[in-house]
Amino acid sequence: MQATTGAEIRLDALTKSYGDNLVLPGLDATLGAGEFTVILGPSGCGKSTLLNLLAGLERVTSGRILMNGREVQDLAPRDRGVAMVFQNYALYPHMTVAENIGYALKIAGVPRAERDRRIAEAARSVALGDYLIRRPGELSGGQRQRVAIARAIVREPSVMLFDEPLSNLDAQLRHGTRMELAALHRRIGASSIFVTHDQVEAMTLADRILILNKGRIEQFDTPEAIYRRPASTFVAGFIGAPPMNLLDAMAEDGQVRLASGSVLARGEVNGPVTVGIRPETIRLSDAGELVVVDYVEDLGGHHVLAAHLEDGQPLRIMTPPERRPEPGERLHVSFAGAPVHLFDAVTGRRLADPAPIRSEGVSA
Ligand SMILES: Nc1ncnc2c1ncn2[C@@H]1O[C@H](COP(=O)(O)OP(=O)(O)O)[C@@H](O)[C@H]1O
Ligand SMILES: [Mg+2]
């Protein structure tokens with residue numbers, strides 16, 4: 001596949017309403033040339049709306065979209081250098097794989113010889129080189145989705161848009177196709193924008209993840225930064241499996257305490273706070289916070305315990321396979337050494353980084 005050049009994409013005060021429904025209240029962001037951006041957020045947060053604006057399938061209400069500095073928000077879809085892959089890839093059933101892939105080129109009047117060359121290249125790049133004369137009905141779901149991807153890349157776009165393209169595939173195929181997509185992105189060089197509500201897809205595919213909540217950007221950063229320093233309780237609760245524990249706590253005299261009195265961290269904050277602690281950083285111990293196990297999920301390599309604290313707050317803990325606690329069991333857990341995240345109890349925004357404690361109940 002010949003490499004194309006990815007476009008830098010800038011969103012400038014971009015808004016979209018449907019009647020009274022203000023879906024995107026004003027987006028500002030710059031997506032790097034050749035970057036793989038994943039847009040992650042719950043159903044209904046405006047992900048498809050944003051892609052449709054980029055593709056030109058919907059008109060912006062206000063604001064600008066710039067691709068390599070050129071305003072494109074008023075251009076027709078075909079003049080933007082953008083190609084889109086949908087969840088429901090809707091191939092033409094009566095056409096062969098080659099005809100499906102080449103359809104847009106045919107409509108655009110690309111000469112036969114060039115068309116055939118580009119179709120063969122695109123098909124090869126998604127490992128469908130041997131399937132050109134099959135019809136969609138003779139392909140598996142994964143192969144059909146790859147035809148849809150080839151249909152997009154054959155146009156040699158500078159921007160590739162993917163709207164939940166793996167959602168209809170079964171888990172194993174999703175994993176395989178995910179890895180192929182990452183490799184394909186590196187080969188073709190286009191800027192890719194990939195929409196999903198699946199945090200694993202986001203973490204594994206993205207150069208940067210743009211997390212959308214009710215049409216607003218909660219955080220736009222690398223997967224590592226989003227995992228290590230979530231900007232809000234919304235992000236914290238969205239990333240990680242199981243997600244971060246979010247506990248009500250009180251900050252006083254430089255210490256952050258649970259209702260039980262246990263010190264979780266040291267910090268220069270005061271008043272009620274939300275404390276984030278990842279399940280994989282909590283350890284079972286001989287002393288420390290008392291929890292009661294509600295149920296246990298055995299995932300083979302580890303267990304996930306759903307437990308609760310004395311004051312009733314839920315707490316999830318990941319434990320190694322050797323030790324399988326039983327529902328109803330009372331355990332001590334230690335937060336010592338665990339990275340602790342502090343959030344404003346009202347706004348949910350991240351507060352200054354606290355210092356973790358070194359041992360139970362003793363601030364460092
Ligand atoms: N064509 C449309 N007409 C009216 N409302 C729409 C239309 N498309 C989307 N919406 C509304 O915009 C909001 C965001 O939808 P969407 O972008 O599809 O979310 P997501 O893709 O994140 O699940 C929803 O409230 C939805 O009802
Ligand atoms: Mg959608």
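Predicted model: local features only at pLDDT ≥ 70, side-chain atom pairs only at ≥ 80, totals over all residues.
## Surface patch at Y103

On the surface, Y92, Y103 and I107 make up a nonpolar patch. Their accessible area together is about 280 Å².

Y103 lies in helix α2, which spans residues 97–107. The relative accessible area of Y103 is 30%, so this residue is classed as partly exposed; that class lies between the limits of under 20% for buried and over 50% for exposed.

## P230 in the α7–α8 loop

P230 sits in the loop that joins α7 (223–228) to α8 (233–238). Its relative accessible area is 0%, and P230 is therefore buried.

Beyond its neighbours within four places in sequence, P230 is in contact with Q219, A225, V235, A236, M244, R278, H341, F343 and R350. P230 and L342 are separated by 112 residues in sequence, while their C-alpha atoms are 9.9 Å apart in space.

## Helix α3 and its cover

Helix α3 runs over residues 112–125 and has 14 residues. From its first C-alpha to its last, α3 reaches 20 Å, close to the 20 Å expected at 1.5 Å a residue. Just after α3, A127 has a positive phi of about 60°.

The buried residues in α3 are R115, R118, I119, E121, A122, A123 and S125. The cover over these buried residues includes α2, α4 (141–153) and α5 (171–188). Of these, helix α2 is also where Y103 is placed.

How values were computed:
Residues numbered from 1 in each chain as written. Chains lettered and ligands numbered in written order. Heavy atoms only, no water. Patch = residues over 30% accessible without salt bridge, like charges linked within 9 Å, V, L, I, M, F, W, Y side chains within 5 Å. Areas by Shrake-Rupley, 256 points an atom, 1.4 Å probe, with all protein chains shown as cover. Salt bridge = Lys/Arg side-chain N within 4 Å of Asp/Glu carboxyl O. Helix = DSSP H or I, 4+ residues; strand = E, 2+ residues; numbered from the N terminus. Buried < 20%, exposed > 50% of the residue type's maximum accessible area, 1.4 Å probe, protein only. Contact = heavy atoms within 4.5 Å. Expected span 1.5 Å × (residues − 1).
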